[in-house]
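This briefing sets out selected structural features of a single protein model, grouped by topic. Please read it alongside the sequence and coordinates shown below.

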Amino acid sequence: MPLKGVPPPASPAPSSVHIAAAPKPHVCFLAPTTWPVLTGDKEIKVVGGAEVQQSVIARELARRGYRVSMISIDYGQPDKAVVDGITVYKIHKPDEGLPVIRFIHPRLTSLWSALTRIDADVYYQRTAAAYTGYMAKFCRMHGRKSIYAGASDVDFLPGQQDIRYTRDKWLFEYGLKRVDTVVVQNSVQRQQLKENYGRDGVLIPSCYSPPEGVRPDRNGYVLWAASMRPSKRPELMLEIARRLPAYRFVMIGGPDPGRREQQYFASIRDAAMKLPNVEVKGFVPFVEAERYFDGARVVLNTSLYEGFPNTFLQAWGRGIPTLAFIDTGSRRGGVPVYDIVGDVSEASWKMERLMRDDILWQQASGRVSAHFRDCHSVDAIVERYEREIVAGVQPR
């Protein structure tokens with residue numbers, strides 16, 4: 001309490017010294033095949049959901065002031081190329097080295113060298129692969145944080161992962177048990193992770209940033225977009241198209257590398273040529289695939305299993321209804337956001353209804369648009385990643 005007649009002490013002068021905000025962690029994405037999607041390359045025939053997600057998340061983290069690096073296969077790009085604030089370090093070429101031996105050199109040696117050179121605080125890797133084991137081992141040895149993100153519902157089913165060699169399956173499971181954090185896309189994956197590996201997963205949905213100003217085309221076609229492989233079951237799409245000759249169907253997606261995959265693609269393409277209402281576009285770079293969504297009225301997914309299809313986000317971000325044989329667990333008020341079907345007959349009559357009935361279509365469009373805004377926006381999802389990235393990490 002001031003004394004009478006004595007003026008109160010003057011406020012201290014503002015200090016010219018500012019306390020700097022704590023530096024954000026350096027994050028490295030171990031994303032070997034993401035370069036073509038990140039850069040919009042139209043010549044390299046690589047595209048996939050994991051590549052899209054890593055590009056979106058890495059860009060947003062860089063925009064938010066994080067130092068972001070990425071490890072990529074050598075597609076001919078310069079080492080340490082900078083794309084939208086992301087420094088990309090290259091490792092081996094796609095087919096470099098001698099069979100069998102190349103598993104060690106140049107693949108493991110070049111990867112380990114890149115992990116060491118980058119020296120990040122946090123390493124992030126997505127999709128089941130031997131890389132998971134390498135990353136986990138490196139981070140354990142060097143006291144860095146590791147995050148593995150699932151990309152498919154089979155990632156957490158022992159022995160069923162989309163991995164070719166038994167050796168690589170072992171390395172993946174070695175890593176899955178040792179990474180610091182496991183991110184899952186849906187509640188099914190979280191349950192499988194707990195039941196089969198005894199680990200708790202962090203549920204973070206996929207995200208997407210749709211082009212501004214795009215609107216669904218009510219007069220458009222049915223779009224099927226995926227890699228042309230048996231698990232995607234494109235033959236079901238052809239049967240639905242055969243039953244609905246009044247409507248146009250467009251298929252985009254090429255085969256995985258390999259002779260058998262090429263033969264499978266050729267068989268689907270030949271069968272499609274016999275249907276006058278089906279167009280097969282083959283492989284389409286991600287940046288060009290976007291315009292096929294602009295012209296679609298409904299997006300069809302016939303996969304046997306998925307994690308969370310990016311095609312759903314590309315559709316929902318535009319207000320395009322989807323119909324699928326898989327259940328991603330997406331709900332609004334306890335009701336599925338999109339039509340989930342069990343067989344071709346059910347898929348055919350529900351598809352016909354969506355293509356014919358404008359009122360029903362408008363209701364479905366509004367439902368997926370609202371769900372996308374609430375659950376899959378980039379801002380909301382990347383904030384959840386930030387919490388996992390900074391937890392327990394002391395940037396250097």
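A residue is called buried under 20% relative accessible area, exposed over 50% and partly exposed in between, with a 1.4 Å probe and protein chains only. The model is predicted: local features need pLDDT of at least 70, side-chain atom pairs count only at pLDDT 80 or more, and totals for chains, interfaces and linings use all residues. Residues are numbered from 1 along each chain as its sequence is written, and side-chain values use heavy atoms, with hydrogens and water left out.

**Overall architecture**

- The protein contains 13 helices and 16 strands, where helices (H or I, at least four residues) and strands (E, at least two) are DSSP runs numbered from the N terminus.
- Along the principal axes, its C-alpha atoms fill a box of roughly 95 × 65 × 40 Å.
- Buried residues make up 53% of the 396 residues.
- Of the contacts (heavy atoms within 4.5 Å) between residues at least 6 apart in sequence, 66% join residues at least 24 apart.
- The protein exposes about 19,000 Å², and 53% of this is supplied by carbon and sulfur atoms; the areas come from the Shrake-Rupley method with a 1.4 Å probe.

**Strand β4 and its partners**

- Four of the five residues of strand β4 (residues 86–90) are buried, so the strand is largely enclosed by the rest of the structure.
- Strand β2 (residues 67–72) runs parallel to β4 and is joined to it by five bridges; strands count as paired if DSSP finds at least two bridges between them.
- Valine 68 has isoleucine 86 of β4 as its bridge partner.
- Strand β3 (residues 81–83) runs antiparallel to β4, with three bridges, and valine 82 is bridged to threonine 87 in β4.
- The hairpin formed by β3 and β4 has two residues between the strands, and aspartate 84 in the turn has a positive phi of about 50°.

- Four bridges link β9 and β12 in the parallel sense, and tryptophan 224 has leucine 300 of β12 as its bridge partner.
- In helix α7 (residues 234–243), the buried residues include Pro234, Leu236, Met237 and Ile240.
- Elements against which the buried residues of α7 pack include β9 (221–225), β10 (249–252), β11 (278–282) and β12 (296–301), as well as α8 (259–272) and α11 (344–356).

- Arginine 318 is found in the loop between α10 (310–316) and β13 (322–324) and is buried, with a relative accessible area of 2%.
- Leaving aside neighbours within four places in sequence, the contacts of arginine 318 include Tyr208, Arg215, Glu290 and Asp294.
- A polar atom of the arginine 318 side chain lies 2.9 Å from the backbone oxygen of glutamine 314.
- Glutamate 306 lies in the loop between β12 and α10 and is buried, with a relative accessible area of 11%.
- The side chains of glutamate 306 and serine 303 are joined by a polar contact of 2.7 Å; such a contact is a pair of N or O atoms within 3.5 Å, where, within protein, one must be able to donate a hydrogen and the other to accept it, and residues adjacent in sequence count only if both atoms are side-chain atoms.
- Beyond its neighbours within four places in sequence, glutamate 306 is in contact with Ser152, Asp153, Lys232, Asn301 and Ile326.
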